[in-house]
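Good morning, and thank you for coming.

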Amino acid sequence: QVQLVESGGGLVQAGGSLRLSCAASGIMFNMYSMGWYRQAPGKQRELVASISSGGMLNYADSVKGRFTISRDNAKNTVYLQMNSLKPEDTAVYYCNGRHFPTSRGYWGQGTQVTVSS
């Protein structure tokens, strides 16, 4: 059974940092592109950052220079290091895995990130 389990969310003051983790099981992790999405109340879910199976990186303009996505294929884990957090970063953050050759994809259940002003 496929599982993506996020951890590391919490409450932090503006300017602080958090590190999110997403541990995957039930897939050949190194064959999947991985991404972090977020959804704030009343807003659409948006892509925050992604990393392809080959290590190609992509970031939303709103987080460039502040967030870093990385992956450890030996641990089947993708990370999101979030620095210089702003209140507008407050959202539920979701881990996503996508196998593009078959269009198969999976979602984690999400972890809450709250940034206070």
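Tyr106 has a relative accessibility of 21% and counts as partly exposed, a class that lies between buried, under 20% relative accessible area, and exposed, over 50%, as found with a 1.4 Å probe on protein chains only. The model before you is a predicted one, in which local features need pLDDT of at least 70 and side-chain atom pairs count only at pLDDT 80 or more, while totals for chains, interfaces and linings use all residues. Residues are numbered from 1 along each chain as its sequence is written, and side-chain values use heavy atoms, with hydrogens and water left out.

How many aromatic pairs are there? The count comes to 3, where rings of Phe, Tyr and Trp (its six-membered ring) pair if their centres lie within 6.5 Å; planes under 30 degrees apart are called stacked, over 60 edge-to-face, and the rest tilted. One of these pairs joins Tyr32 and Tyr106 and is tilted, with 6.3 Å from centre to centre and 35° between the planes. Here the pair links distant parts of the chain: Tyr32 lies in the loop between β3 and β4, and Tyr106 in strand β10, 74 residues apart. Tyr32 is buried, its relative accessible area being 7%.

Another pair, Tyr37 and Trp107, is edge-to-face, at 4.9 Å between centres and 65° between planes. Tyr37 belongs to strand β4 and Trp107 to strand β10, 70 residues apart, and this pair too links distant parts of the chain. Tyr37 is partly exposed at 22%, and Trp107 is partly exposed at 41%. Together with Tyr94, Tyr37 and Trp107 form one aromatic cluster.

Two rings also carry a charge, meaning that NZ of Lys or CZ of Arg is within 6 Å of the ring centre and within 35 degrees of the ring normal. The charged end of Arg19 sits over Tyr79, 4.0 Å from the ring centre, and that of Arg71 sits over Phe29, 4.6 Å from the ring centre.

Next, the disulfide, defined as a pair of cysteine sulfur atoms within 2.5 Å. Searching the whole structure gives 1. Its partners are Cys22 and Cys95, with sulfur atoms 2.1 Å apart. Cys22 is in strand β3 and Cys95 in strand β9, 73 residues apart, so that the pair links distant parts of the chain. The link is left-handed, with -80° about the S-S bond. Are these cysteines buried or exposed? Cys22 is buried at 0% relative accessibility, and Cys95 is buried at 0% as well.

Let us turn to strand β11. Two strands pair if DSSP finds at least two bridges between them. Strand β2 pairs with β11 in the parallel sense over 4 bridges, and Gln13 stands opposite Ser116. Strand β9 pairs with β11 in the antiparallel sense over 3 bridges, with Tyr93 opposite Thr111.

Finally, the nonpolar core, a set of buried Ala, Val, Leu, Ile, Met, Phe, Trp, Tyr and Cys residues joined through side-chain atoms within 4.5 Å. The largest has 29 residues, and those with the most contacts inside it are Trp36, Val78, Leu80, Met82 and Tyr93. Strands supplying at least two residues each include β4, β8 and β11. The largest share, 4 residues, comes from β3.
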